[in-house]
Amino acid sequence: MLSGAGMSAESGLRTFRDHGGLWEEHSIYDVATPEAWLRDQDLVLRFYNQRRKQLLESIPNSAHLALVDLEKKFKLTIITQNIDDLHERAGSTEVMHLHGELRKARSSVREDLLYDIDGWELKQGDLCEEGSQLRPHVVWFGEAVPMIPKAEEIVNAADLVIVIGTSLSVYPAAGLIHAASSGVPVILIDPGNPEMNKASDTYHLRKPAGEGVTQLTDLLMSLDQA
Ligand code: BJW
């Protein structure tokens, strides 16, 4: 399963590219690139602090909860582009965060030095054990996405690929759907028009996540093994 910002929209977290989305208020280049971090650390920290504050006030929605049910019957691995922790808080146990985690910080000089953020605020002067400033643990534009090879393996081994709430406009994550094995159905649940290349085994359920995921989950849960 691959999720994007639309998965958390009904929890009150804004998407990026929809009307009213985060990129309408902030330029990507001002807040989500390594260059932005070098130019104005205060602005970048404020942007992510604000989002962390909102996340702490949010709760998983019915789509997150439906996926927890699905895990009771099937092996389900969630590959998410989201940096929120709503899948984990709902109770899903296998979650891979391709673009990082909002509630973690990492050293700005050593990527392997990760820290949980206590509360919502990451400040200038919060340092790693080697004395360097901590930055949000997120993958910005122009940075590598180290978990992609592992994610491709998971998609390639899947019997069913479910894609929820993503515009499929950011690579390499968007390319993951092409790692599905031949003949494996890809089901997209999104009320909009993601940039999906029409492959023969691709189906689009044009509904918001809450309704669409619950519907699909109910169907899958009602199947008996033949
Ligand atoms: C609902 C709903 C409801 C609404 N229910 N659905 C030029 C400059 C710089 C980079 C590039 C460039 N050209 C190409 C690139 C590469 C770039 C890229 O893909 N750019 C594209 C724009 C073309 N990619 C990268 O830079 C990546 N790195 C890379 O390529 O590295 C190469 C490298 C290799 C080796 C060494 C060094 C480098 C990194 C990408 C990182 C993305 N980061 C962000 C921010 C992270 C942290 C944060 O959250 O702030 O990740 S950007 C942002 O987009 C975020 C998201 O995870 C990602 C995807 O967005 P998503 O989830 O699809 O959201 P939306 O808003 O686009 O869509 C929402 C969807 O929900 C819509 O379809 C709605 O219809 C739907 N929806 N309500 C269900 N209720």
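A polar side-chain atom of Asp190 is 2.6 Å from an oxygen atom of the ligand, while a nitrogen atom of the ligand is found 3.1 Å from an N or O atom in the side chain of Glu10. Taken alone, the ligand exposes 1600 Å², and the protein buries 73% of that, where accessible areas come from the Shrake-Rupley method with a 1.4 Å probe.

This is a predicted model, in which local features need pLDDT of at least 70 and side-chain atom pairs count only at pLDDT 80 or more, whereas totals for chains, interfaces and linings use all residues. Residues are numbered from 1 along each chain as its sequence is written, and side-chain values use heavy atoms, with hydrogens and water left out.

Around the ligand there are 35 residues, of which Arg17, Glu143, Ser167, Tyr171 and Asp190 come nearest; a residue counts as near if one of its heavy atoms lies within 4 Å. This shell divides into 18 nonpolar, 11 polar and 6 charged residues, with Asp, Glu, Lys and Arg counted as charged.

Turning to the loop, Leu127 lies between strand S5 (114–116) and strand S6 (134–138), strands being DSSP runs (E) of at least two residues. Leu127 counts as partly exposed because its relative accessibility is 47%, and that class lies between buried, under 20%, and exposed, over 50%. The C-alpha atoms of Leu127 and Ser107 are separated by 7.4 Å, although these residues are 20 residues apart along the chain.

Conventions
Polar contact = N/O pair within 3.5 Å; in protein donor to acceptor, adjacent residues only side chain to side chain. Helix = DSSP H or I, 4+ residues; strand = E, 2+ residues; numbered from the N terminus. Buried < 20%, exposed > 50% of the residue type's maximum accessible area, 1.4 Å probe, protein only.
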